[in-house]
Amino acid sequence: MRTIKVCLSLIPAVASIAIASNRELTPPIRAEVRDLHTKVIVPASGALFEAEREIPGTDHHWQDLQGIAKELAKASGQLLAINDGKSEPNWLKHATSLRDESESIAKAAGAKNHEAIVAGNGRLLSACNACHAEYRGGK
Ligand code: HEC
């Protein structure tokens, strides 16, 4: 009985955390964010994740991968520019992480270092998830 009471009393606290971590973006900003995702962020990150199981076989493939990581870094810069950082400092933090990790993956591809790409991908995914937890209601 005692355990059940404790659990129930936690529910309001959990609910309020969920609300606090779901920051609303204005509709035009949301549309811009979605557009950047469709055009670059989703396909580019998908290609980087894909490179984990398919190691680039030729110089040309490594260069392609480096180019993709650079595109992602550029799109992260655009994500940064969407927000002036005054009202949403955490947005800047997450977009900066995305840019930094993309740049580190671009370097890894330049050095043909597959292990460093896998490690960079892990950190990249953390940056995606951290932003989504806060600005996409944890989805
Ligand atoms: C700085 C914040 C931020 C970062 C970093 C970020 N996202 Fe997002 N993402 C969002 C927001 C906000 C939405 C919701 C946009 C909307 O309302 O349609 C979203 C939506 C998405 C969607 C759904 C798109 C759709 O068309 O509905 C996918 C998939 C996604 N993100 C993948 C990623 C991946 C993969 C990464 C990392 C490589 C990433 N995101 C990095 C903020 C971010």
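What is the mean pLDDT of the protein chain? The mean is 86, and 80% of the residues reach 70 or more; pLDDT is the predictor's confidence in each residue, from 0 to 100. Over residues 6–20 pLDDT stays under 50, and the model has 0 contacts beyond four places in sequence for them (a contact means C-beta atoms, placed from the backbone, within 7 Å).

This is a predicted model, so local features need pLDDT of at least 70, side-chain atom pairs count only at pLDDT 80 or more, and totals for chains, interfaces and linings use all residues. Residues are numbered from 1 along each chain as its sequence is written.

On to the helix pair. Helix 2 (residues 27–50) and helix 3 (residues 59–82) pack at about 160°, their axes 9 Å apart. Helices here are DSSP runs (H or I, at least four residues), numbered from the N terminus, and axes are lines fitted to C-alpha atoms over the stretch in contact, with angles from 0 to 180 degrees between N-to-C directions. The two helices are therefore roughly antiparallel, a label for angles over 145 degrees.

Now the ligand: 21 residues surround it, and the closest are Arg-34, Ser-45, His-94, Cys-128 and Cys-131 (near means a C-beta atom, placed from the backbone, within 6 Å). Helix 2 gives the most to this shell, with 8 residues.

| Class | Shell around the ligand |
|---|---|
| Nonpolar (Ala, Val, Leu, Ile, Met, Phe, Trp, Tyr, Cys, Pro) | 13 residues |
| Polar (the others, Gly among them) | 5 residues |

Notes
Parallel < 35°, antiparallel > 145°, perpendicular 65-115°, else oblique. Contact = placed C-beta atoms within 7 Å.
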